Amino acid sequence: MMVRTIVVVCCCLLATIVAHSQNSKIDSLREALYNADDEKRADILHELSAESFDYDFDASHEYAIQSLKYAEKSNYTKGVVQALTDIGLFYYFTGNYKNA
């Protein structure tokens, strides 16, 4: 019984640490958006999309759409490809295969 309690407590602590580290990275990326040019902004938004993909599909999709906007605005081909991939993954994993 004691071992089970220790395992549960350790799992809870680990989950808290992981959640905190994800939020810290997302906060850092959001801050970096303010001083970025359009290409860098597209890259940062792509990273935000990837970071939030596991727990907030809608936010991930919104970041990907914004990333596409900035990549297209600056004719940044790599950014366009990354954003379209993120958008396609969103549609695929939400079951919207036609748009994926």
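Here are my notes on the helices I looked up.

Ground rules first. This is a predicted model, where local features need pLDDT of at least 70, side-chain atom pairs count only at pLDDT 80 or more, and totals for chains, interfaces and linings use all residues. Residues are numbered from 1 along each chain as its sequence is written, and side-chain values use heavy atoms, with hydrogens and water left out.

Entry 1, α2 and α3. Helices here are DSSP runs (H or I, at least four residues), numbered from the N terminus. I checked α2 (residues 38-52) against α3 (residues 57-73): their axes come within 8 Å and cross at roughly 165°. Axes are lines fitted to C-alpha atoms over the stretch in contact, with angles from 0 to 180 degrees between N-to-C directions. So α2 and α3 are roughly antiparallel (the label for angles over 145 degrees).

Contact means heavy atoms within 4.5 Å. On the α2 side I found Leu45 and Ser49 among the residues meeting α3, whose own list includes Ser60 and Tyr63.

Skipping neighbours within four places in sequence, Ser60 contacts Ser49, Ser52 and Phe53.

I looked up its buried residues, and they include Val80, Ile87 and Phe90. Among the elements covering the buried residues of α4 are α2 and α3. After α4 comes Gly95, with a positive phi near 85°.

Note on methods: Helix = DSSP H or I, 4+ residues; strand = E, 2+ residues; numbered from the N terminus. Parallel < 35°, antiparallel > 145°, perpendicular 65-115°, else oblique. Buried < 20%, exposed > 50% of the residue type's maximum accessible area, 1.4 Å probe, protein only.
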